[in-house]
Structures are given as structure tokens and as C-alpha cells.
Amino acid sequence: MTNDGHPSSPATDITGSTVNRRRMLTIALGGAATVALPTPAWAADDKRPGSRRAPALTSDDRKIIAQVSAERALAHLRVLSEEIGPRIGGTASERRAADYIAKQLDRLGYQVRLEPFAVADKFLAQLASPAGLPTDLNWQAGASPQAALDTTVQGDVVDVGAGAPENYPASVTGQIVLVDYVAARREQLVATALERGAAAVVFLAADGVPPRRSSTFSPTLPGSAGTPVPIPVVGVAQAQKERLRALLASGRLTLTVSTAAHRNLTSHNVIAERVGRSGANGPVVMVSAHYDTVIGAPGANDDGSGTVLCLELARVMKAIPVDATLRFALWGSEEQGLLGSRHHVRQLPQAERDRILAVYQNDMVATSWDPATLYWLLSFTGQSNRATDEVAAAGVRLGYDPRMSPVTQRGSSDHQSFQEVGIASANFSWRGETSPALLEPPYHTPEDTIAKNISLERLQVSLELIGCAAYATAR
């Protein structure tokens, strides 16, 4: 999700109560500690966590609920979030994710195509250490486009705090300096580091306003555009800052800083469809999500969760007879300003736009953050439409309506691209109860991982709500 509270220590379900640990699914994370996720463990007619009563399901609902599985979806999420990691629009990592998604949908028998579009250059950095850095955190960062690119430096780390001359030790020649980032002083801070002989500058993001945590960033140095700074200048997130300072406090720390410019980029939407009984010119029902991430974020919840929801529903719905064409769309470069979905909508002739009955956009549908107990129905116009109505109705059938918001005005995800041209669409997401702007602390950070930010119970409820709503629209 584009830009527009801390979890408690016990594992909790979507109501905030302690989870029965006999229902814990143990998952080994590559290179990281083993973690446990709550396993959804209810039968079709059981009362869901946080619901007000047992469900009153239709026969159509049962076709979906009997098959959808958050645990199956988790296998895809491990590939996207842990094996691929950050999926930056237009780079090789995003293309690797697109190819994986397309392969899964092709195996299911859908007609799959990649929809290319040009995107802006990206400037990335990677931190490493000869001694190794903690593997529970991603170490990608942003690189300044006005500093040294396509280079690697290594040196001992020194923390110069605010970065004033008096904060420096006698010599930092050949060393990598950690500096607190202050936007108004960034060029002066870099100039001081250069004068002292630093090999690289690692800007440390200011802390976010709780409960939010700050993201990685690519520092801009406007005055250096004509004469690039001859050393790497990178920007790390709050979590990376805290870990670097803790490592340095425990002893000597050597870092390797690599920067890379990614230019002349092409991002891709992945579009898959199965023509319904109404034929190739019949109505269309879309289920969508974005699969890219911001720099440094593994994107387990934003929006790996929505992506794997689409893949799991595509599996379940591949052979269920429906009248409408089912179209699954995974958008590229959403984090750069809804670029993929806007490209798609812009090139659709009006006759094709008119075929679309509803677009179910899923963005951040599985956070484990305790306060995110409300399932939001988000409309760019603030008005209800076929998408919001069908999900609200599915919520009533599931007994889940107390945990669902009224239709609320908000853009900042790919439903906006469709609603801007009059197509019924909405975004569906777990967030804090007081406002759809109340997002989990790992949002857009290196901590957006399966271990720290995914609830299988919330993902399962999301699968049921969207699956039942999409089928009701398509059948």
C-alpha cells in the first residue's frame, strides 16, 4: 500500500485473546529462528474468532469455505517474502516475483499474460558484514542517486551521532560513519564526513511517530547533482538503525556497503483469467492485489498477503462453474503511485471497462498486530458499490459484521485507479479500529516479515470473505 502500536508479546488471535498454543503451526524460516503462527482451526459452521455468532452459510459459500486454506497461501508467501524478499518496482526482484506468480496461475489453467510498462530508475543499497548481520531483519537500504553508485566499500563503523564536527573522533579515514538524518542538514552532514575521510555515510532514519516505525530511504543531495559525492550515501530504517547501534555497542563492527543504480526499468502486471459461461464478451469479476514492495521491506503483509490471497482463491475457483469471467490481477509498482493499475485501466477501452462488475482489491489482509481488529471496507469515493456490498453481505453470513467497518473513504491502493473511471471497486484490509490510517508498526519497514507481521487466522477470514463475495458476484 502506498504512503498516504506494537504487537504484544503473547501470540494472539484476531480478537486480541491469547491463542491456544495447541493450534500453533511451526514454520522454519530460512536462516532465521523458528517461529510459530496460529493455525486457523474452525469447521465451516463454527463461530469465527471475533464474530458475533455462528455463520449462516449458503450452499455457494460452502463451495469456497470448504477449500480455502491460509496454510496453502503461506507457502507462496514464504517464496515472495523470504526467498525473493523486497520486490522493488522494475528491478530483477520484482520480475522474479512476477514470473513466480505467472507460473502458479498458468499451472492452474488460467490464461496468463504479463503487461509491461516503464517505471523510474531505482537506487538501492545492501548492507553486509564479514561477521554476518542478524538474519531476522532485511538489510536492503536506499542509496542516494547523487552519491557513488555501482560500488562496494568496506570499513569499520563509527557512530558520529548528530554529525557535527565535534561529534567526530580524531580520525574516521576509511571508516563508515553512522549519522542521524536531518533533512535540512543532509548536504552539510555529508560534506563533514567527506572532509574527515569517511568511506561511506549511513544516514539513520528519525524514529517514526508511535506506533509507526520509519522506513528505509534514498537520500537526495540536490546540491551534488552536477558533481556526485564520491562515496556511497545510504538511508536505513529505524529497525536497522537500532540494530546497528546495538551491534556497535557490543564491540567492533565492520560493514560492507554496496550500492547499485537500476535504470531503464520495466515493471509488469500479471493478468490471469478464466472465461465464464457468458463467453468472451461477458461480465468480468476481478480479484487483485499488488506484489511489489518499498525498498528494504520483505512485504509479508504489504502486500504479499493480498497476493497470496489471490493465488489461493485462483486455485479454489479454477473449476467452479461461473457465468462471469474471473480475472486475477497482480499489480506491479503500486508503491510508486499505483502505476501498474493505472496503466491497466488507462489502456482499457470503454467497452472493456463496462464489462467489469466489481474489483476486489486486497492490500494488507493478514497483519498479526493486535490492535488491527477491524476489517475495513475502503472506497475511494466513500460510497458503497457492488464490491463493498458483496463483502458486507458475506460478512453478515459469516457472523462477522461487528468486526467490519462501514464503507469508508480512502484511496492509496489500486481500487482507486478503477473508481477514478467509474468502475465498482474497493480495498479490503485489516487495520486499527479508530482509523484506516492506523497501520501496524512494521508497515513499510524491514520488519514486515512473516514472523513479525502475519496472522494466518486473519488471512483465513480474508480468504473466506473475498472468496464468498467474488463467487456471489461471478456465479
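Which strands does helix α5 (residues 238-249) lie across? In this predicted model, helix α5 lies across β4 (122-128), β5 (140-143), β6 (151-159), β7, β8, β9 and β10 (254-262), running at about 65° to β6. Helices (H or I, at least four residues) and strands (E, at least two) are DSSP runs, numbered from the N terminus. Axes are lines fitted to C-alpha atoms, for helices over the stretch in contact, and angles run from 0 to 180 degrees between N-to-C directions; contact means heavy atoms within 4.5 Å.

Residues are numbered from 1 along each chain as its sequence is written. Because the model is predicted, local features need pLDDT of at least 70 and side-chain atom pairs count only at pLDDT 80 or more, whereas totals for chains, interfaces and linings use all residues; side-chain values use heavy atoms, with hydrogens and water left out.

A closed barrel is formed by 7 strands in the order β4-β5-β9-β8-β7-β6-β10, with mixed pairing. Neighbouring strands of this sheet are turned against each other by 40° on average, direction ignored. Two strands pair if DSSP finds at least two bridges between them. Strands β7 (residues 176-180) and β8 (residues 200-204) pair in the parallel sense over 5 bridges, and V179 has F203 in β8 as its bridge partner. Helix α4 (residues 186-195) lies across β7, β8 and β9 (233-236), at about 145° to β8.

Backbone geometry was examined next. Most residues other than glycine have a negative phi, and most peptide bonds are trans. The peptide bond from P210 to P211 is cis, with omega near 10°, and P211 is placed in the loop between β8 and β9. Another cis peptide bond joins D302 and D303, with omega about -5°; D303 is found in helix α6 (residues 300-317). D150, in the loop between β5 and β6, is not a glycine but has a positive phi of about 55°. N264 also has a positive phi of about 55° without being a glycine, and lies in the loop between β10 and β11 (265-274).

Accessibility is classed as buried (under 20% relative accessible area), exposed (over 50%) or partly exposed in between, with a 1.4 Å probe and protein chains only. D150 is exposed because its relative accessible area is 56%, and N264 counts as exposed at 75%. T408, in strand β16 (residues 404-409), counts as buried because its relative accessibility is 18%. Leaving aside residues up to four places away in sequence, T408 touches W376, L377, L378, S379, G382 and P436.
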